[in-house]
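Dear colleague,

My findings follow directly after it.

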Amino acid sequence: MSHDVDVIVIGGGPAGSTAARLLAVWGHRALLLTRPAPGPPLAESLTPSCARLLEQIGVLAAVNGAGFVRSTGHTVRWGTADDRVERFAGGTCGWQVSRDAFDRVLLNQAKVGGALVHRHASVRDVTHDGQRHVVQYEERGHTRIARASWVVDASGRTGFTSRQGSARRILGPRTTAIVGLWEQRPSWGLADESHTFVESYRGGWAWSVPLSRIRRQVTVMLDPSRTELASGRRLRQTYREELARTDLMRRITPDARFIGSVWARDATSYECASSAGVRLLAVGDAASFVDPLSSFGVKKALASGWLGAVAVHSALTEPAMEQAAVDFYVARQLAMMTGLRRQFAVLAGEAREAHPAGFWDDRAGRDADADLNEPDIGALRTDTAVRAAFDAIRERECLQLASVPGVEREQRPAVAGNRVVLTEHLIVPGQSLPLRFVRNVDLVVLARLAPSCDDVPQLFDAYVRAAAPVALPDFISALAVLVAKGVLRFA
Ligand SMILES: Cc1cc2nc3c(=O)[nH]c(=O)nc-3n(C[C@H](O)[C@H](O)[C@H](O)COP(=O)(O)OP(=O)(O)OC[C@H]3O[C@@H](n4cnc5c(N)ncnc54)[C@H](O)[C@@H]3O)c2cc1C
């Protein structure tokens, strides 16, 4: 039997299941080909900020119903001699997931959404016959063929299409995760057992994620070439030695029982020279892998699966938008990766202060100034002019804002619903990239409404009716950006 569909998705991790589900829900024939992930499942930590994406993808209820440990924050010992307890803002909770169970939930949701899911299909080759992609795969001992106008490569670290030569990979310093499972009965006796424990140490960093009240995975991340692993020394011995060099992990494991065997996973970061080919997008880890320290790998995979689906949907429903949609996807993918690399560079810098050793020397300083290629919202928020405008807006009883003449507007791509569309952006003086949204607030709408409103409550009300509900602090921040950057001025 061979399939002829609109889109073939290769890989059923978070990125692939997201893309296949959404494309099917939006009316396309989507075929997802995946094989079981190799090796034992990792325990992974998902921050509460994933909730919005999970909701948008339509899988939040299923994830919440799957019985994962809900975490209230992290306990961190990062470049300091003290533990720092970081609770998630507003009492929100993250998820501590065993990846086999989490992936099953999302794969089922892809099927519920209408995608055709093959769970034991290993893709062997992708070619193009001039009109359509031809995908060859092995399924239970049989070689099969499927055809589609689009391919979404969501094959994770395997990076199926980049291995076929469509995009070169740029690698970061080598990192190996060595993982072990521990059990402590009747419980671990930690201040908050739902927490991820994270610690930097001289040889790398270590973390522990709970899978239940009694079980935790404890992982050390190191550079194999800087340990005896490179000389073929046994994994278990290296794991024990590295744990002994930590502080927090050493403290929580002594009375716990080690279960099973130690295993290793490559965790070297990389990015593909391009995340798009001809009617082909690489999503999630197939496009880039960011150091797991951020706990954003799954979130990045979900976001990239969602955006990849938006781009393909736009191209399928409005062929004239194909190039703009693909370019937009590639630019956003790059910006997402660069933002995460910058965050890691900051944390690596902090760790190097405390442990001026080779592992951290290799990582600190890299990417700290990487070009974001999108408006740096973090920098805007700490910009002194924006802060001054924020204070001025809060102090004024009467807003009296006027438009500054000469601010230009240009049509640029943005996401509206499930499509990439061309919409008006503001060309803001001193801002290298055009602006449309700051913290989900639509600056074009806000700039249009502001001069006709007398005070913040009236403007907020008018904005929410004209655009969408947003948080008041985000709204005032966006207004402050418009004032500070010279789009609006106090009359
Ligand atoms: C040690 C470690 C710890 C991590 N911890 C965290 C964490 O705590 N929190 C977090 O958010 N992220 C974490 N990550 C990152 C996270 O695992 C990844 O970013 C995420 O899994 C990416 O999802 P994906 O869907 O892109 O790829 P994957 O999850 O890798 O899915 C790819 C799928 O494609 C399938 N596949 C591959 N090749 C083929 C083929 N030829 N044919 C068919 N199917 C194929 C694979 O079997 C797999 O099912 C961690 C990563 C590592 C290495």
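The helices α1 and α8 pack at an angle of about 30°, with their axes 8 Å apart. Axes are lines fitted to C-alpha atoms over the stretch in contact, and angles run from 0 to 180 degrees between N-to-C directions. Helices (H or I, at least four residues) and strands (E, at least two) are DSSP runs numbered from the N terminus.

This is a predicted model, in which local features need pLDDT of at least 70, side-chain atom pairs count only at pLDDT 80 or more, and totals for chains, interfaces and linings use all residues. Residues are numbered from 1 along each chain as its sequence is written, and side-chain values use heavy atoms, with hydrogens and water left out.

Contact means heavy atoms within 4.5 Å. On the α1 side, P14, A15, T18, A19, L22 and L23 meet residues of α8 that include V298, L302 and W306. By class, this contact has 11 nonpolar, 3 polar and no charged residues; Ala, Val, Leu, Ile, Met, Phe, Trp, Tyr, Cys and Pro count as nonpolar, Asp, Glu, Lys and Arg as charged, and the others, Gly among them, as polar.

A backbone N or O atom of S45 lies 2.8 Å from a ligand oxygen atom, and one of P14 lies 3.2 Å from an oxygen atom of the ligand. For V123, a backbone N or O atom lies 2.9 Å from a ligand nitrogen atom.

Definitions and conventions
A polar contact is a pair of N or O atoms within 3.5 Å; within protein, one must be able to donate a hydrogen and the other to accept it, and residues adjacent in sequence count only if both atoms are side-chain atoms.
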